[in-house]
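Take a look at the sequence and the model before reading on.

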Amino acid sequence: MLKVLSLGAGVQSTALLLMSIRGELERLDAAIFADTGWEPAAVYRHLEWLQTQATLARIPVYRVRAGDLRADALLSQVRGRKSDGVRWASMPLYVLGDDGATGMINRQCTSEYKVRPIERKIRELLGLRRGQHWPKDVVVDQFFGISADETRRVRVPDGCWKRHRYPFVFERPMRRDQIASWLRAHYPDRDVPRSACLGCPFHSDDEWRSIRDNPVEWSDVIAFDRAIRHSGGMRGQVFLHRSCRPLDEVDLRSSDERQGQLRLWQNECLGMCGT
Ligand code: SF4
């Protein structure tokens, strides 16, 4: 049975990998990080450290990539949907219609840039040839760093070749704050960043504010937000922020909790984010 971690490199999956390395959870055969190409620089730095820890314990960490989500999204936006064979990255962007109605574009980025690349890597690790059917029996345990306070993210697998494993929900139940405490206790010098695409529309205002604290990354998302406004094939205007206003004009001063806003997701985009 191949034991593989879907590594988002945020708090939970980092702790899961480190616990496996330390023998506090069962040993993993590999961890796979699906790179959208648009994570904060702090996540890539943290991933390098994590990769070193895992390599010392002889657990390989693979990085897989289906493309550059930011660049793909902009190409699609500029040229129009499905034109020139350009892939439509389909981020969950907010749309303000000409009639004032608001909506959200269907999200396909998680599946396209995270779920499928990880599955392709698992196929490779299993030695499956191109076009070869998945086995009929369970051959993979796929681990996710979902914590006990977010059980709504637990999913039944869609193929009989794998089992989903959620150690922090079932085997060693831990809430996110308990996992963070474990990390602080064992790795006091390590600050584990939040993992998500810089321009993910699911960001809360708190998260947008922390991106704003980094001028380079803030300029990057502001430029993206401006570039998508009048996207090809879309009626109305497109925005990154749920208020359907330009991101650099949104008042981000008050906390989401004070504004009574829900955090649309709290943790990592592991293939089931924002649900
Ligand atoms: S973090 Fe957001 S933008 Fe990135 S793949 Fe997940 S849902 Fe899409």
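## Salt bridges and who is tucked away

Glu 207 has 8% relative accessibility, so Glu 207 counts as buried (buried is under 20% relative accessible area, exposed over 50%, partly exposed in between, with a 1.4 Å probe and protein chains only). This is a predicted model, where local features need pLDDT of at least 70, side-chain atom pairs count only at pLDDT 80 or more, and totals for chains, interfaces and linings use all residues. Residues are numbered from 1 along each chain as its sequence is written, and side-chain values use heavy atoms, with hydrogens and water left out.

Glu 207 meets Arg 194 in a salt bridge, 2.9 Å from N to O (a side-chain nitrogen of Lys or Arg within 4 Å of a carboxyl oxygen of Asp or Glu). Arg 194 sits in the loop between α5 and α6 and Glu 207 in helix α6, so the pair ties together parts 13 residues apart in sequence (helices are DSSP runs of H or I with at least four residues, strands runs of E with at least two, numbered from the N terminus).

The whole structure has 22 salt bridges; here are three of them:

| Pair | N to O distance |
|---|---|
| Arg 163 and Asp 141 | 2.7 Å |
| Arg 194 and Glu 207 | 2.9 Å |
| Glu 249 and Arg 245 | 3.9 Å |

Asp 141 is buried at 0% relative accessibility, whereas Arg 163 is partly exposed at 41%. As for the last pair, Glu 249 is partly exposed at 48%, and Arg 245 is partly exposed at 38%.
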